[in-house]
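Morning, everyone. Please have a look at it first.

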Amino acid sequence: LTDYASNDANAETNDATITEGYYRLMNCMYKTYMTNGADNALWGNVSVSDALAKAGTIVKVVAAGDNYKLLVQGLEVGQVSQSAHVGLVEDGVTFTITPTNNKFVFEAVGEGNYRCLHQDAGQKVVGWEAPAAASKWYVVPATTLDVNLNKAGDKTYATTYLPFDVTLPAD
C-alpha cells in the first residue's frame, strides 16, 4: 500500500479492466483511502497505516450489465452530483470504470457533468469532473483485513462483522 501513497510512479501499473472483487480505493491526489462514515456517506480520510484495519475501506465491485455497482459494507454507492456528498443507499447507481495509466476514474452512468467520484479538500467524496487529479483513484486489491485481538484474562478474542463471506486461514 505504501507504494501508492509515496509516489504514483512507484505504484504498479494496473490499467487492466477491473473485475468483480474486493478493492480499496486510494485517492491519487490526497493519498488517503475512501471509507464509509457513521453518516453512511463516503469520506476520503483513512491513512495508509490505518486502511488495513478498517472494513469500511473495502469496496466490493459487482458487474451490472456493461457497468458496475460499488458496495461498501453492504450498501451501494448512491447519487453522484456536483459537490454533493456521496452517500450509501440500498439501491445505488451504476458506474463506468475507466483506466488512465495506473489510475482509475469512477463515473456514475447518466447525463450531465460532475458524475465522477472525487475527494474534496474537506475529505468528503463528492461528484466532480474526470480531469481533476482528485477524481482519480488507485485501485488496490483488498486481500487482508487486520482485526485487533482483545485480551480477556490469559486468552484473546476478536469480533468483527463483515457483510461478505470470508475464509480464515487454518493457523
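In which sense do strand 5 and strand 6 pair, and over how many bridges? Strand 5 and strand 6 (residues 75-77) pair in the antiparallel sense, over two bridges. Strands here are DSSP runs of E, at least two residues long, numbered from the N terminus, and two strands pair if DSSP finds at least two bridges between them.

Some housekeeping. This is a predicted model, where local features need pLDDT of at least 70, side-chain atom pairs count only at pLDDT 80 or more, and totals for chains, interfaces and linings use all residues. Residues are numbered from 1 along each chain as its sequence is written, and side-chain values use heavy atoms, with hydrogens and water left out.

Back to strand 5, residues 67-72. Six of its six residues are buried, so the strand is largely enclosed by the rest of the structure. Buried means under 20% relative accessible area, exposed over 50%, and partly exposed in between, with a 1.4 Å probe and protein chains only. Asn67, Lys69 and Leu71 point one way, while Tyr68, Leu70 and Val72 point the other.

Ala63 stands opposite Tyr68. Two residues separate these strands, and Gly65 in this hairpin has a positive phi near 70°.

The hairpin of strand 5 and strand 6 also has two residues between its strands, and Gln73 in the turn takes a positive phi of about 50°. Leu71 has Glu76 of strand 6 as its bridge partner. Is Glu76 buried or exposed? Glu76 is buried, at a relative accessible area of 15%. Beyond its neighbours within four places in sequence, Glu76 is in contact (heavy atoms within 4.5 Å) with residues including Lys69, Leu71, Leu88 and Glu90.

Now the cores. A nonpolar core is a set of buried Ala, Val, Leu, Ile, Met, Phe, Trp, Tyr and Cys residues joined through side-chain atoms within 4.5 Å. The largest has 25 residues, and those touching the most other members include Leu70, Val77 and Phe95. Strands 4, 5 and 6 are among those that each supply at least two residues of this core. Apart from it lies another core of eight residues, among them Met26 and Tyr138.

Last, the loops. Lys31, between strand 1 and strand 2, has a positive phi near 60°. Gln123, between strand 10 and strand 11, has a positive phi of about 75° and is partly exposed, at 34% relative accessibility.

How values were computed
Helices (H or I, at least four residues) and strands (E, at least two) are DSSP runs, numbered from the N terminus.
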